[in-house]
Amino acid sequence: MSATVEIFGAGLAGCEAAWQIARQGISVRLYEMKPQKYTPAHHSPTFAELVCSNSLRSDSTANAVGLLKEEMRRAGSLIMEAADATRVPAGSALAVDRVLFSKYITDRIRSTPNIEVVEAERADVSPDTVTVIATGPLTSEPMADYISETLGCGKLHFFDAAAPIVDFSSINMEVAYFASRYDKGDADYINCPMTEEQYNAFYQALISAEEAELKDFDRESQKSLKVFEGCMPVEVMARRGYDTLRYGPLKPVGLIDPRVGKESFAVVQLRKENCEGTMFNLVGFQTHLTFPEQRRVFRMIPGLENAEFLRYGVMHRNTYLNSPDLLSPTYAMRTRPDVFFAGQMTGVEGYVESAGSGLVAGLNAARRAKGEGEAIFPEETMLGAMAAYVSRGGVGAFAPMNANFGIIPPLGYRVRGGKAAKNEKLSERALETLANFLTDI
Ligand SMILES: Cc1cc2nc3c(=O)[nH]c(=O)nc-3n(C[C@H](O)[C@H](O)[C@H](O)COP(=O)(O)OP(=O)(O)OC[C@H]3O[C@@H](n4cnc5c(N)ncnc54)[C@H](O)[C@@H]3O)c2cc1C
């Protein structure tokens with residue numbers, strides 16, 4: 001057995017896994033196919049690229065993904081270290097400057113002595129080598145075939161979309177205004193207010209706009225197009241009903257237009273993309289419209305009449321395994337315990353969740369290389385609950401899952417003060433359990 005652990009993919013999961021393994025004193029060879037080859041969603045040669053939103057979502061431990069982030073901080077996560085170092089103002093969410101975030105991680109990985117980076121695509125596993133496959137939801141085709149056929153994992157796809165980014169200097173701030181909902185925290189969001197008339201025109205244009213062809217995908221996948229609810233294209237959501245957007249991303253409540261002194265009929269929000277505040281993304285506007293249609297329809301939003309699009313929204317296929325049949329709670333294959341998977345392809349959903357699975361897989365890959373036993377995270381922790389979900393599944397067909405309190409075992413006693421108070425208790429228990437677990441391993 002080689003003393004070096006190999007990792008495929010320097011994304012969120014692969015970088016976190018590499019970091020965890022290196023911290024255990026084990027050598028890592030990290031393979032990344034960029035810059036030689038890019039997936040349809042990756043554009044930068046740096047590691048841990050955030051391909052869509054720049055938000056890592058809530059930072060409160062009363063929220064499941066907030067708890068997950070705190071657990072990761074306590075377990076020495078590189079991704080969380082980078083996120084905390086490069087955060088941009090976003091109310092109670094942890095959003096980052098994506099360029100600085102990715103650069104921070106790349107610099108840390110490249111300057112760690114026992115991590116060797118190899119810029120090459122992998123399409124198979126080396127013999128007698130502990131391996132972490134973290135090639136992501138857009139795993140290159142040769143690797144996907146190897147996983148499917150040689151490793152016998154089968155294949156499954158669904159679809160995801162990314163939102164456009166506009167240049168701040170092109171936003172008409174005579175119309176749009178900075179504010180946070182209910183004036184909570186700093187006024188981090190740009191708000192574009194719509195009258196009923198403006199919303200009607202925008203809505204009609206959106207539901208009838210032309211969608212792009214799914215060029216990258218095979219015919220069979222297109223026929224059975226499935227969209228993950230958490231990343232649904234705005235035009236698909238709009239077609240569900242006239243008011244769906246007004247109860248979703250275009251919700252006007254708690255936002256007072258300073259020019260008229262009252263709430264608008266609908267509001268489009270934009271969030272900072274970078275620390276300098278020169279780029280903003282349209283919140284909830286993941287889309288699959290053609291680029292000219294995005295330009296035409298999104299410029300109907302008041303304040304965006306002359307918006308300059310720095311990046312248009314795109315839609316891509318995602319790949320994930322039927323993990324309950326394949327993986328243990330360490331993310332190792334049951335039939336090949338030297339081969340670990342990590343990241344979105346295991347069926348965890350989201351940036352933080354992907355990195356979290358990399359942390360668990362990396363720690364266990366290092367232990368395997370050292371000849372030590374498995375470290376199965378307790379299910380009372382969010383890291384452990386996600387690993388348990390992935391290895392066991394839930395009710396019905398296996399589907400990707402965000403961190404949530406529903407997958408954590410109940411407290412077993414009643415808590416006064418409603419859901420938030422209960423979640424705080426679950427978080428307290430999780431963090432205590434994690435502290436004991438980390439001391440014991
Ligand atoms: C279009 C899109 C939008 C998304 N938007 C969001 C969002 O807004 N918020 C959110 O929380 N999550 C989002 N996700 C889901 C998910 O959180 C991200 O995909 C996340 O980056 C997954 O992390 P990962 O480490 O599994 O994979 P990635 O971060 O994608 O990393 C995989 C890496 O492996 C490399 N690679 C691929 N194949 C090979 C190979 N054969 N050999 C070597 N290297 C290889 C790739 O170049 C890449 O660098 C989105 C996913 C997609 C596809």
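Two strands pair if DSSP finds at least two bridges between them. Helices (H or I, at least four residues) and strands (E, at least two) are DSSP runs, numbered from the N terminus. With those terms in hand, let's start with the sheet.

This is a predicted model, in which local features need pLDDT of at least 70 and side-chain atom pairs count only at pLDDT 80 or more, while totals for chains, interfaces and linings use all residues. Residues are numbered from 1 along each chain as its sequence is written.

**The sheet**

An open sheet is built from 6 strands in the order β10-β11-β14-β15-β9-β16, with antiparallel pairing. The edge positions belong to β10 (177-179) and β16 (309-311); each has a single partner strand, so one side of each is left without a neighbour in the sheet.

| Strands | Bridges | Residues facing each other |
|---|---|---|
| β10 and β11 (residues 189-194) | 3 bridges | Y177 and N191 |
| β11 and β14 | 5 bridges | I190 and L270 |
| β14 and β15 (residues 279-282) | 3 bridges | R271 and N281 |

Strand β14 (residues 266-272) has 7 of its 7 residues buried, so it is largely enclosed by the rest of the structure; buried means that 20 or more other C-beta atoms, placed from the backbone, lie within 10 Å of a residue's own. The hairpin of β14 and β15 has 6 residues between the strands, and there G277 takes a positive phi near 70°.

Helix α1 (residues 12-23) packs against helix α10 (residues 351-370) at an angle of about 35°, with the axes 7 Å apart. The crossing is right-handed, meaning that the near helix is turned clockwise from the far one by less than a right angle.

Conventions: Axes fitted to C-alpha atoms, helices over the stretch in contact; angles between N-to-C directions. Buried ≥ 20, exposed ≤ 12 C-beta atoms within 10 Å, placed from the backbone.
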